[in-house]
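Work through the exercises below with the sequence and the model open. Each task is followed by a solution in steps.

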Amino acid sequence: MRADGSEQTQMTFEEGWNIWFPHISPDRKWVVALGYRKGDVRPEEHLPHKDVELKLMPAEGGPLTTIAALFGGQGTINVNSWAPDSRRFAFVRYEIMP
């Protein structure tokens, strides 16, 4: 969408997934996002403690590629964490101890 919120455009059409927290790389070539499986959460939810996947796609559009499957959720990439050179990004993976 534009900075003023107009011209909102859907970027992903992943069957079976709710895609959250998209972050555009500083060079504006890539988007990384968090994927929740549909059925694990409602579309408006973004919960912690779920099996999720980090997904990468070209910023101009195209298929999402899973780059990591992990236990996480809310907090995994809810702030932009791309390196300034757009070659890597940080994310949080965790375990719940019994």
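**Exercise 1: Ser81**

Leaving aside neighbours within four places in sequence, Ser81 is in contact with Arg88, Phe89 and Ala90, where contact means heavy atoms within 4.5 Å. The model is a predicted one, in which local features need pLDDT of at least 70, side-chain atom pairs count only at pLDDT 80 or more, and totals for chains, interfaces and linings use all residues. Residues are numbered from 1 along each chain as its sequence is written, and side-chain values use heavy atoms, with hydrogens and water left out.

Task: Place Ser81 in the chain and find which backbone oxygen lies 2.5 Å from a polar atom of its side chain.

Solution. 
- Step 1. Ser81 belongs to the segment after β4. Helices (H or I, at least four residues) and strands (E, at least two) are DSSP runs, numbered from the N terminus.
- Step 2. The backbone oxygen in question is that of Ala90. A polar contact is a pair of N or O atoms within 3.5 Å; within protein, one must be able to donate a hydrogen and the other to accept it, and residues adjacent in sequence count only if both atoms are side-chain atoms.
- Step 3. Ser81 and His23 are 58 residues apart in sequence, and their C-alpha atoms are 8.0 Å apart in space.

**Exercise 2: His23 and Ile24**

Task: Decide whether His23 is buried or exposed, then do the assignment for Ile24.

Solution. 
- Step 1. Both residues sit in strand β1: His23 and Ile24.
- Step 2. His23 counts as buried because its relative accessibility is 10%. The cut-offs are under 20% relative accessible area for buried, over 50% for exposed, and partly exposed in between (1.4 Å probe, protein chains only).
- Step 3. Ile24 has 42% relative accessibility, so Ile24 is partly exposed.
- Step 4. The side chain of His23 reaches the backbone oxygen of Ile77 at 2.4 Å.
- Step 5. Not counting residues up to four places away in sequence, His23 touches Trp30, Val31, Val32, Ile77, Asn78, Val79, Asn80 and Trp82. With that exclusion, Ile24 touches Trp30, Val31, Asn80 and Trp82.

**Exercise 3: the largest pocket**

Task: Which strand gives the most residues to the lining of the largest pocket?

Solution. 
- Step 1. On a 1 Å grid over the protein atoms alone, a pocket is an open set of points where a 1.4 Å probe fits, with protein on both sides within 12 Å along at least five of seven lines; lining residues have an atom within 4 Å of a point.
- Step 2. The largest pocket holds about 610 Å³ of space. Of its 19 lining residues, Thr9, Met11, Thr12, Ile19 and Pro22 are the closest to the centre.
- Step 3. β1 gives the most to the lining, with six residues.

**Exercise 4: two residues with positive phi**

Task: What are the phi values of His49 and Ser86, and where do His49 and Ser86 lie?

Solution. 
- Step 1. His49, not a glycine, has a positive phi of about 60°. His49 lies in the loop between β2 and β3, and is partly exposed at 44% relative accessibility.
- Step 2. Ser86, also a residue other than glycine, has a positive phi near 65°. Ser86 lies in the segment after β4 and is buried, with a relative accessible area of 8%.

Key
Points joined across faces, edges and corners; volume = space filled by probe spheres on them.
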